[in-house]
Amino acid sequence: MSETKKLFVKTYGCQMNVYDSQRMQDVLAPLGYQPVDDPKGADMVILNTCHIREKASEKVFSDLGRIRKHKKAKEANGKDRMIVAVAGCVAQAEGAELMRREPMVDMVFGPQTYHRLPEMVARANRAIGRDRIIDTDFPAEEKFDHLPEQVSRQGFSAFLAIQEGCDKFCTFCVVPYTRGAEYSRPGMDVINEARQLVAKGTREITLLGQNVNAYHGAGPTGGEWSLGRLLRELSDIDGLDRIRYTTSHPRDVDDDLIAAHRDLPKLMPFLHLPVQAGSDRVLQAMNRKHDGAGYRDIVAKLKDACPDLALSSDFIVGFPGESDKDFEDTMQMVRDITFIQAFSFKYSPRPGTPASAMELQVPEPVKTERIMRLQALLAEQQLEFNRNCLGREMDVLLERFGKLDGQLVGKSPYMQPVHVSGLPETALGQIVRLKIIEALPNSLGGELVDTPVQKRDSERNVA
Ligand code: 5AD
Ligand code: SF4
């Protein structure tokens with residue numbers, strides 16, 4: 001057994017990075033690395049970075065400034081070592097530049113290399129100052145095959161990566177460059193990982209991928225499984241009560257997936273389906289491969305299959321060439337469809353992407369004005385949905401303690417945090433039926449309807 005070492009991991013950006021950070025901790029655990037909450041005094045610091053927008057990238061450099069001080073302090077005695085590593089999409093996209101700008105960074109490695117971490121760490125530990133390590137290889141296939149079983153317990157709801165990379169090449173997006181080509185894990189690998197999670201107490205699984213519904217994993221007897229098929233297989237796992245998936249692309253919503261929303265009670269009636277913009281002109285310039293009518297049509301089919309379904313989305317405002325009229329089309333799309341939750345961003349030109357070289361970049365004040373209007377509308381819709389939940393009964397998976405004494409917090413089928421008081425600690429991990437008695441902009445309050453002896457979501461009519 002190796003001596004215990006302190007590992008500090010900071011995660012930026014998407015849920016895939018949250019998942020990857022957990023996996024890095026799993027890979028490093030056998031080497032004696034234990035996670036800590038503070039970079040001060042750590043033996044190893046990993047910044048798992050995000051490149052999606054300029055702000056996210058810049059944050060890494062400002063954080064590195066702080067880490068530099070901790071490293072100096074730790075290494076002042078000439079004996080101790082703090083390995084500083086930059087992982088994730090900034091590492092992938094700007095590895096060499098990062099090494100040049102930040103001489104104290106010991107290691108830079110991209111998202112497809114995490115299974116090689118033990119070897120890299122051993123090399124970095126041997127190297128005295130000079131031998132810096134950079135590994136930004138593809139492909140994802142090797143990574144998934146070589147990562148160990150998930151050991152860090154993720155709790156009652158867990159992430160499971162089934163797909164990585166993207167072949168869509170939206171003109172604003174760095175993901176196809178930083179995460180590489182689309183790769184899907186074999187179906188049975190996913191099923192087995194899901195079973196292991198359930199055996200450790202997980203009741204809800206969120207399938208992850210940059211373009212998760214492009215999933216086409218190898219089936220066990222030849223052929224391929226679509227996401228719809230994979231969802232059906234997962235649904236058969238006893239003890240798994242709730243399934244979600246994110247992030248999807250409208251073009252990859254096929255009939256099989258729509259049918260899964262109709263047939264599988266374990267599949268939660270909440271879908272993150274980014275549309276980005278409402279104007280056909282802008283959608284085309286973004287290379288989204290669908291127009292506004294196409295998106296509306298998919299939503300109609302999904303709601304037909306699952307009338308309870310509610311949507312969330314991502315939006316970009318101020319894409320190059322976006323006129324007032326184009327922006328109004330986005331507002332109209334939001335009014336027509338209604339989203340119960342959403343993320344909206346000002347367009348941020350990313351180096352190397354086609355949109356960054358487009359003419360007619362939208363001035364910052366215009367972006368600001370548009371995003372404020374859009375966010376106000378989206379917030380209104382979210383609050384209205386929450387208010388409409390008042391008096392309704394919902395199944396809530398209780399996950400953690402609340403801020404107040406005796407309060408527990410769980411998640412509704414629609415991902416709303418729901419607070420409830422007066423339940424014993426042993427109710428954590430259970431799915432309880434709550435009547436909604438309070439509606440706030442970002443959360444709900446509930447009271448118990450049944451006894452906490454749960455029935456599974458799959459046995460009930462959720463919501
Ligand atoms: N500028 C602004 N937002 C972006 N996104 C991706 N690339 C950019 C960019 N260059 C947003 C999209 C995507 C989400 C993850 O991030 O809305 O769906
Ligand atoms: Fe980026 Fe998503 Fe478009 Fe792929 S589908 S390029 S990940 S925005």
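Helices α9 and α11 are roughly parallel to each other, a label used here for angles under 35 degrees, with over 145 counting as roughly antiparallel, 65 to 115 as roughly perpendicular and the rest as oblique. The two helices, α9 (residues 255-263) and α11 (residues 292-305), pack at about 30° with 8 Å between their axes. Axes are lines fitted to C-alpha atoms, for helices over the stretch in contact, and angles run from 0 to 180 degrees between N-to-C directions. Helices (H or I, at least four residues) and strands (E, at least two) are DSSP runs numbered from the N terminus.

The structure is a predicted model, in which local features need pLDDT of at least 70 and side-chain atom pairs count only at pLDDT 80 or more, while totals for chains, interfaces and linings use all residues. Side-chain values use heavy atoms, with hydrogens and water left out, residues are numbered from 1 along each chain as its sequence is written, and chains are lettered from A and ligands numbered from 1 in the order in which they are written.

At the helix contact (heavy atoms within 4.5 Å), α9 contributes Ile 258, His 261 and Arg 262, which meet Lys 301, Leu 302 and Ala 305 of α11. By class, this contact holds 3 nonpolar, 1 polar and 2 charged residues; Ala, Val, Leu, Ile, Met, Phe, Trp, Tyr, Cys and Pro count as nonpolar, Asp, Glu, Lys and Arg as charged, and the others, Gly among them, as polar.

Turning to the sheet, 6 strands form an open, parallel arrangement in the order β2-β1-β3-β4-β5-β6, where pairing requires at least two DSSP bridges between two strands. Strands β2 (33-35) and β6 (133-135) stand at the edges with a single partner strand each, so one side of each has no neighbour in the sheet. Neighbouring strands are turned by 20° against each other on average, direction ignored. Between β3 (residues 44-49) and β4 (residues 83-87), which run parallel, there are 5 bridges; Val 45 has Val 84 in β4 as its bridge partner. Helix α1 (residues 15-28) packs on the sheet, touching β1 (5-11), β2, β3, β4 and β5 (107-109), and its direction makes about 155° with that of β3.

Around ligand 2, the residues (a heavy atom within 4 Å) include Cys 166, Cys 170, Cys 173, His 249 and Arg 288. This shell divides into 7 nonpolar, 1 polar and 2 charged residues.
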